[in-house]
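Hi everyone, thanks for making time. I'd like to walk you through a few side chains today, so let's bring the structure up.

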Amino acid sequence: MRQNRQTRSDTHTPPPEPLTILSSPSPPDGAHKNPPTSMLLVPHLLPPGAPRLLSPRPRHYLHLPDPVPVAASAAPSTSSAAAGTCDSVLASLNSRRYDFSPLLDFISSPSASAQAPGGAGKESAPPTSLDPEELRLAETYRAVPAHVWHTLLKNLAASPETLPSAAALVPWLERHRLCFSSDLLYSILIHALGRHRRLHHALLLSSSSPAPSPLTLNALISASALNGRPGLALQLLTLLRRHGFLSDHPNYTLILQSLVRSPDPPDPNLLETLLFDLLSTSLEPDARLLSDFVAAFAHAGDPDRALSLLAAAQAQGLTPKSSAVVALLSALGAAGRVPEAEAVFLEFHSSGLRPRTRAYNALLKGYVKIGALKDAELIFEDMERCGVSPDEGTYSLLIDAYTNAGRWESARILIKEMEANEVQPNSYVFSRILASLRDKGDWQKSFAILREMRSNGVRPDRHFYNVMIDTFGKYNCLHHAMDVFDRMRLDGITPDEITWNTLIDAHCKAGRHDRAMELFKEMQQSGCIPCTTTYNIMINSLGEQEKWEELKEMFEKMKGQGLLPNVVTYTTLVDVYGKSGRFNEAIEFLEEMKASGMKPSPTMYHALVNAYAQRGLSEQAINAFRVMRADGIKPSVLVLNSLINAFGEDRRDNEAFSVLQFMKENDLKPDVVTYTTLMKALVRVEKFEKVPAVYEEMISSGCTPDKKARAMLRSALRYMKQAHTW
């Protein structure tokens, strides 16, 4: 059990006050409406209609139903398995001086809850009217020291079978004032509930704990992170700081690991906020914590920040974990930044660290990304020369390279080589081949890949089916995608959130929003919990249909489940509201995003400027552009093209050409869309004679005219001819 080594960060101790993570719903009838100030409330996570739980608690309140089959025998007095576990717990206690068997039998008996005094809404007080038998039992344990109670509780909480007994022991000890370090008791139990994946019970238990302490708050943070709820963990971390407590390294590590394990990539802005929170304390990050931040930023697709943190760790003489280096190599490779990946690889190679298969695979991934087939083959040979055995990931990446280069026969030969080297081809290898063909537009070869796979005795797994569904979805072959989905379930493979997200997104993009909503409901009915990406897809779908009330309900439901809205969420909201002319709501979400500590992306501002442009609101568009620059975001060609379009729609061609001049002065290369939009602006104000000059400048700048540009030129020439005829 992790002990908290920190104290309050100031000498003045304010009186305890209610801690509320989110706004509390109205309490049900009969519930206590004025909870004591010593409670830690997490009201939005309580089930609808659940009563407020106040101290003291009868034993049956903390009885924990187990979702697994063993729950049927949770009571130690009636279950032989649980009884055996209790016996082993008692035998494991160091002290032979105390016999806790009568106590465990009592708190597990049905009569214990009926005899327990107090109830919801009453303050904790010494028992005055208990059954004489319970009073005598409590008196026999009056001399037991606190550390023995702690040991008993830890041993009971270590096993799912005896966890109900541990949960019943804590309020019993508190009721009889037998162990005064009650915050430690609650933290032990909350830690155990977190380990056993019972976060809901841990949150309920926290409402009956005494005044919030570093122990209970840290235990809740740990439980939230372990159960994949990083958003809740961050809220609790904020509460910890707000009440003058300091966190410790394990909390930050657990939150980072939870963010990395999430189906959605971590938000870089969220990681920056977490890093700032750490640096603003007196804690000094160690090698492990800095490595976790490096890995998290790498997974978030921000290799620049990961590189800077890696350099900071090295400057302090700290050696990062190899997993962090591999994550950084993978991020650099995925971004096509191979020279930097090579430099990091060689630096750690020369420092005495022997690269393993994962490090080579990360570098190989970069070569495949940029299409450097020869370099990919050389790195494969270097692995063999250094005695590093390639795994299925290595072979699949090289097969990717061959497939991308159109060398399908070389890929098949490599599959045979895998078998010769006793590396059995698996489903992942064939899924990489399928993904390469999908990206090249050769989706028709999907069934040939499946036949080749089966001829090699390889059964498709979930990842292969997900890639296949995505392939058909991208090319609007929804019937094939659903056939693969049905086949997947017939093969006994349970769809995951990626499967459902892919199907839902494909139907949304095809305009089949009703079917997408049906799939969203089926996803939840199947027991698969929607992630942030799922909600982003549904928010965009509802926005395109202009179902604003349902959209708001979906957004609140997302936050109610403890999921953090990310940059994509807010960009989607700004985009759908802006396109519909609901600019006030779009600006509100932009401000909400900033208030939450996230930095708006260029894509978000592009969505806002483009929304104004579509309606010819050039003044609002230029104001949004100014705010973007004030936020320190460098203008992109996309945003500037939208600004040109805004001026064109507003018949302000001079300002449109001033944007072109701005692009040239700031080393931004105009593209074919830039010149086509300028020609459209000239046509709108009937300055047809200037269009050919813009077309010629487009060609001389190296841009190849597309169909729209040629059509714009023909329109201008036709109008000019008609003018001369008249």
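Before I start, when I say contact, I mean heavy atoms within 4.5 Å. And please keep in mind that this is a predicted model.

Let's begin with Glu377, which sits in helix α18, residues 373–385. Which residues does Glu377 touch, once we set aside its neighbours within four places in sequence? They are Leu398, Tyr402 and Arg407. Now, Glu377 is buried, and yet it has no salt bridge. Arg407 is the nearest side chain of opposite charge, at 4.2 Å, while a salt bridge calls for a nitrogen–oxygen distance within 4 Å.

On to the rings. How many aromatic pairs does a search of the whole structure find? The count is 16. One of them joins Tyr141 and Trp149 edge-to-face, with 5.9 Å from centre to centre and 65° between the planes. Tyr141 and Trp149 are both buried.

Compare that with Tyr577 and Phe589: here the ring centres are 5.5 Å apart and the planes meet at 25°, so this pair is stacked. Tyr577 belongs to helix α29 (residues 567–579) and Phe589 to helix α30 (residues 583–595), so the pair ties together parts that are 12 residues apart in sequence. Again, Tyr577 and Phe589 are buried. These two also belong to one aromatic cluster, together with Trp548, Phe555 and Tyr570.

Note on methods: Residues are numbered from 1 along each chain as its sequence is written. This is a predicted model: local features need pLDDT of at least 70, side-chain atom pairs count only at pLDDT 80 or more; totals for chains, interfaces and linings use all residues. Side-chain values use heavy atoms; hydrogens and water are left out. Helices (H or I, at least four residues) and strands (E, at least two) are DSSP runs, numbered from the N terminus. Buried means under 20% relative accessible area, exposed over 50%, partly exposed in between (1.4 Å probe, protein chains only). Lys and Arg count as positive and Asp and Glu as negative; His and the chain ends are not counted. Rings of Phe, Tyr and Trp (its six-membered ring) pair if their centres lie within 6.5 Å; planes under 30 degrees apart count as stacked, over 60 as edge-to-face and the rest as tilted.
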